[in-house]
Amino acid sequence: MSGKPIKMDMIPSFFTLGNLFFGFLSLLWTMNGEYKMAAGFILLSVLMDSMDGKVARKLSVSSDFGKELDSLCDVVSFGVAPAILTYQLVLAAHMGVWGMLLAAAFALCGAVRLARFNVLNISTHFLGVPITFAGGLMALMVLFYRNLPWLVFPVALAALAVLMVSTFKVPKLGK
């Protein structure tokens, strides 16, 4: 059986799709009420997201396709998954429809932040807080849910949503 060899430019996409896969699993675990597992899958998405760019640069195979695929995966793993997780765990019981709107605002701001990132193409810094940080922080907070007052969650979600679409210059680390 002679299959075609894997092209080098596809290797980073496996990490990117791993990011999306873990984001998807987070959504499934959230639906099943397994909130800590769901948070863990978001953190695994963070790991995959940190790897795809490094691998692409190492192999010298960065591409517009990879950048777009990364953003599509990021909006699920770090926008939608943490928003739904936070809504299910905290906001639904304490805030009702307002919690749903706040969770939606977080996901929407994350999508806007990613679109702006792709269009501006700034290499020296980020404009606004990266969605990976915002979603990862919300996942970490879920792991410590029992040690935090419930009000911390909507405040963090709102603050991070605003920071994602802000014009704050955030240094790029670990390139």
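**Transmembrane annotation.** I looked up the UniProt "transmembrane region" annotation, from an unreviewed entry, which covers residues 12–29, 96–114, 126–145 and 151–170. UniProt positions are given in the numbering used here, feature names are shortened, and annotations may be inferred rather than shown by experiment. I noted that residues 96–114 are 95% helix and 0% strand, with end C-alpha atoms 28 Å apart. For residues 151–170 I found 65% helix and 10% strand, and 26 Å between the end C-alpha atoms. Helices (H or I, at least four residues) and strands (E, at least two) are DSSP runs, numbered from the N terminus.

**Model and confidence.** The model is predicted: local features need pLDDT of at least 70, side-chain atom pairs count only at pLDDT 80 or more, and totals for chains, interfaces and linings use all residues. Residues are numbered from 1 along each chain as its sequence is written, and side-chain values use heavy atoms, with hydrogens and water left out. I read a mean pLDDT (the predictor's confidence in each residue, from 0 to 100) of 92 for the chain, with 95% of its residues at 70 or more. Confidence is lowest in strand β1 (residues 125–127), at a mean of 84, and highest in helix α6 (residues 152–164), at 98.

**α1 with α2.** I checked helix α1 (residues 11–31) against α2: their axes come within 8 Å and cross at roughly 170°. Axes are lines fitted to C-alpha atoms, for helices over the stretch in contact, and angles run from 0 to 180 degrees between N-to-C directions. The two helices are therefore roughly antiparallel (over 145 degrees; under 35 is roughly parallel, 65 to 115 roughly perpendicular, the rest oblique). Their contact (heavy atoms within 4.5 Å) has 17 nonpolar, 7 polar and 2 charged residues. Ala, Val, Leu, Ile, Met, Phe, Trp, Tyr, Cys and Pro count as nonpolar, Asp, Glu, Lys and Arg as charged, and the others, Gly among them, as polar.

**α2 with α5.** The axes of α2 (residues 35–59) and α5 (residues 131–143) come within 9 Å and cross at roughly 150°, which makes α2 roughly antiparallel to α5. The crossing is left-handed (the near helix is turned anticlockwise from the far one by less than a right angle; clockwise is right-handed). Among the contact residues I listed Ala39, Ile42 and Val46 of α2, and Gly135, Gly136 and Ala139 of α5. By class, this contact has 9 nonpolar, 3 polar and 2 charged residues.

**α2 with α3.** The axes of α2 and α3 (residues 64–95) come within 10 Å and cross at roughly 160°, so α2 is roughly antiparallel to α3. This crossing is left-handed. The residues that meet include Asp49 and Asp52 in α2, and Asp70, Asp74 and Phe78 in α3. I recorded 10 nonpolar, 3 polar and 4 charged residues in this contact.
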